[in-house]
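Reader: Please walk me through helix packing and salt bridges in this model.

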Amino acid sequence: MSRAPRPAKPKPAEKPRAWQRMLSGRRLDLLDPSPLDIEIEDIAHGLARVARWNGQTVGTHAFSVAQHSMVVEEICRKIAPEWTKQLRLMALLHDAPEYVIGDMISPFKAALGLDYKAFEAKLEASIHMRFGLPAHPTAAVKATIKRADIICAYFEATQLAGFTEAEAKRFFGAPPRGLKLKLTPKPTSEVQEAFVKRFRSLIDPA
């Protein structure tokens, strides 16, 4: 009497891919990002193509996260003129993780919960380490960058995203007196090049 064949063992499920190939050739593991796999050209390329306000802004071009980041760094220079180049570089890179995870609106980040924040913080730490910065800004530095971020958001809201001044003041508060900005969304290639150029000027110790 012949024995029935044993059922084949199921193959172990392959883990879902958690890395992204960058145009530089780097392969960034999103769950365990290595500073060695981070390049400023990849960051600039990605951020210049991520639209603020989910693209709901006026103009021929989207207002990108890269352009927003440069404006935030400019505001930090005005409200914290004593800052070193290293601190201003932190301001320029404050949204750098979005080059791989995109620009999620704040309510959605809150809905995703702490795991998302931990994921974002790990990527931020790797980016900072890659460029010789502390893993995370101090509470005081973070607060200043956040203030500049909100000021920038006010001008973006009123000039680009269709908010009235009253609405923008309700959500973001009024900007400091005397601080005026004129925002014009620029072409992707121009913003990408400007972002790298600004980075180079801040990474240079001279």
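This is a predicted model: local features need pLDDT of at least 70, side-chain atom pairs count only at pLDDT 80 or more; totals for chains, interfaces and linings use all residues.

Reader: How do helix 7 and helix 8 pack?

Author: Two packed helices are described by the angle between their axes and the distance between the axes. Helix 7 (residues 139-159) and helix 8 (residues 165-172) pack at about 160°, axes 9 Å apart. That makes helix 7 roughly antiparallel to helix 8 (angles over 145 degrees).

Reader: Which residues make the contact?

Author: Contact means heavy atoms within 4.5 Å. Helix 7 supplies I150, A153, Y154, A157 and T158; helix 8 supplies E165, A168, K169 and F172.

Reader: How many salt bridges are there?

Author: The rule is a side-chain nitrogen of Lys or Arg within 4 Å of a carboxyl oxygen of Asp or Glu. The count is 9. One of them joins R200 to E41, with the closest N and O atoms 2.6 Å apart. R200 lies in helix 9 (residues 188-203) and E41 in helix 1 (residues 40-47), 159 residues apart.

Reader: Are R52 and E156 buried or exposed?

Author: Buried means under 20% relative accessible area, exposed over 50%, partly exposed in between (1.4 Å probe, protein chains only). R52 and E156 are both buried. Their side chains form a salt bridge (3.0 Å, N to O). By contrast, R200 counts as partly exposed at 41% relative accessibility.

How values were computed: Residues are numbered from 1 along each chain as its sequence is written. Side-chain values use heavy atoms; hydrogens and water are left out. Axes are lines fitted to C-alpha atoms, for helices over the stretch in contact, and angles run from 0 to 180 degrees between N-to-C directions. Helices (H or I, at least four residues) and strands (E, at least two) are DSSP runs, numbered from the N terminus. Angles under 35 degrees count as roughly parallel, over 145 as roughly antiparallel, 65 to 115 as roughly perpendicular and the rest as oblique.
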